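Keep the viewer open as you read.

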Amino acid sequence: MNQPIRPTEQKLTLALLLTALIAGCDVPGSTPCEVTNPNGPVVTNTSVGVWPADLSWREVWRAGGLNEAEVLVRPAGVAVSPDGSVAVADWGLAEVILLGPGGEWEGPVSARGEGPGEVQAPVAVTWADADTLLILDVSAFRIVTLELASGSASVTPVDPAFLAPVFAAGQVRFVALQPDRTVWLEFPGPVADGWEERSFVRWSPDRPVNDTIMGSRARGLAGAALAAWPRSLLGVGPATWVVSNPDGRYELEVFDRDGTSLVRFCHAAEALPLSPAERGEDPDAEMPDAFRDALRELDEPANPAIISRIVVDLDGRIWVQRDRPLPGEFAGHGAAGAMHDVFLPSGRFLGSIRLPDEQRLMEARGRRVWTIHTGSLGESSIVALEIEGFRGRS
């Protein structure tokens, strides 16, 4: 059973409290995990949550895809407003596109350009309030603020030195933008013997200093991190951020905006075994032969990574992705159709659920989840899903 914690749950919203009280079978769980060097509030979880095991998905709406009037090229970020409107930062189009709460295609609210309300390379988007969008325009070194009702726009410069390591690497590996204009990036570092030193760094206009939060070594190949080797991972929500243990234990720590530790929690689970693709033994994997040959020559990790991605949703819940993306696959949005373990902000385990095929988690609130779906022709869609199968209230 979960051990009690100190009063870190007192600020949970009513929706979260109701979610935690969803009826479920109280059956014996597996051996509980153990948080190393506990200091402060701690939660140890078994494999038993309050969510039923037979949850399913209902598709509510879908936008984009093969619809010629709703073009998406390379969605980089998705943000959901209080009323359910969805802003999509499309890197490929250099546009920010707005969808209504029901998936209605409202079109671009920011197009390609250098003006105050225009963008060149939007990589992240968030809502500062119900009417105000913030957009990180990485190649223009700025945050664009759009007031949708009035149509007015302004810009906040971002320190070029903060973005320089990302440009040097030629790709944005991790990025997050919070409503208070704090920007988070993953910096590349020196590479030696196939290991790269990586670090997560944040910057904000109020504290214009590159603040390194954490770092760890990543097993790399051809510039890509191999997800089977454990390393530190980061998830950033509107008001909190979550880090994982760098040595591969299923242990995470939640921090508030000021960097104060709120809770450390663990979960009883084992890593998925290495797939044939991760061993370089799958001839059908979509990777160059040289990449596959190099994978076969690598020593396997002693303890494969248990998790591969962390998402903190609009309710502050923590979605921990279990499936690992294929070697060489762009991992910014995680693995498609992945299993996720879901925790309350307090660290208490709710349950596990697998996304539909070819869908990647972008945002969630209550029972609603928003994903990016990639079709057989490479087309992108934004999909709103509803979790079904709860017994009792939600």
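Helices (H or I, at least four residues) and strands (E, at least two) are DSSP runs, numbered from the N terminus. This is a predicted model: local features need pLDDT of at least 70, side-chain atom pairs count only at pLDDT 80 or more, and totals for chains, interfaces and linings use all residues. Residues are numbered from 1 along each chain as its sequence is written, and side-chain values use heavy atoms, with hydrogens and water left out.

Arg181 sits in the loop between β11 (175–177) and β12. Arg181 is not a glycine, yet its phi is positive, at about 75°. For accessibility, buried means under 20% relative accessible area, exposed means over 50%, and partly exposed is in between (1.4 Å probe, protein chains only). Arg181 has 24% relative accessibility, so it counts as partly exposed. The second case is Asp193, in the loop between β13 (191–192) and β14. Asp193 is also a residue other than glycine, and its phi is positive, near 55°. With a relative accessible area of 74%, Asp193 is exposed.

Next, helix α2 (residues 160–169). Its buried residues are Phe162, Leu163 and Val166. Viewed down the axis of α2, these fall within an arc of 75°, so they line one face of the helix. The arc is that of the directions from the helix axis to the C-beta atoms. What do the buried residues of α2 pack against? They pack against β12 (183–187) and β14 (195–203). Contact here means heavy atoms within 4.5 Å.

Helix α3 (residues 289–297) can be read in a similar way. Phe291, Arg292 and Leu295 are its buried residues. They cover an arc of only 100° around the axis, which puts them on the same side of α3. Note that a charged residue type, Arg, is on that list. The face turned away from the buried side carries the exposed residues Asp289, Ala290 and Glu297. The cover over the buried residues of α3 includes β15 (211–221).

Now two threonines in strands. Thr126 belongs to strand β7 (residues 122–129). Its relative accessibility is 11%, so Thr126 counts as buried. Set aside residues up to four places away in sequence, and Thr126 touches Ala79, Thr132, Leu133, Leu134, Leu177, Gln178 and Pro179. Thr240 lies in strand β18 (residues 240–244). At 18% relative accessibility, Thr240 counts as buried. Which residues does Thr240 contact, leaving aside its neighbours within four places in sequence? They are Gln178, Gly235, Val254, Phe255, Asp256, Leu262 and Val312.

The structure holds one disulfide, a term for a pair of cysteine sulfur atoms within 2.5 Å. Cys33 and Cys266 form it, with their sulfur atoms 2.0 Å apart. Cys33 lies in the loop between α1 (14–20) and β1 (42–45), and Cys266 lies in strand β20 (residues 261–267), so the pair ties together parts that are 233 residues apart in sequence. The torsion about their S-S bond is about 80°, so the disulfide is right-handed. Cys33 has 15% relative accessibility, so it counts as buried. Cys266 has 1%, so it counts as buried.

Gly102 is in the loop between β5 (95–99) and β6 (105–110). At 39% relative accessibility, Gly102 counts as partly exposed. Gly102 and Ala384 are 282 residues apart in sequence and 8.7 Å apart in space, C-alpha to C-alpha.

On a 1 Å grid over the protein atoms alone, a cavity is a set of points where a 1.4 Å probe fits but cannot get out, and lining residues have an atom within 4 Å of a point. Grid points are joined across faces, edges and corners, and a volume is the space filled by probe spheres set on the points. How many cavities of 30 Å³ or more does the structure hold? It holds one. The largest cavity has a volume of about 30 Å³. Its lining is Leu226, Ala227, Ala228, Trp229, Glu278, Pro325 and Pro327. These divide into six nonpolar, no polar and one charged. Ala, Val, Leu, Ile, Met, Phe, Trp, Tyr, Cys and Pro count as nonpolar, Asp, Glu, Lys and Arg as charged, and the others, Gly among them, as polar.

Methods
1 Å grid on protein atoms, 1.4 Å probe; cavity = no way out; pocket = protein on both sides within 12 Å on 5 of 7 lines; lining within 4 Å.
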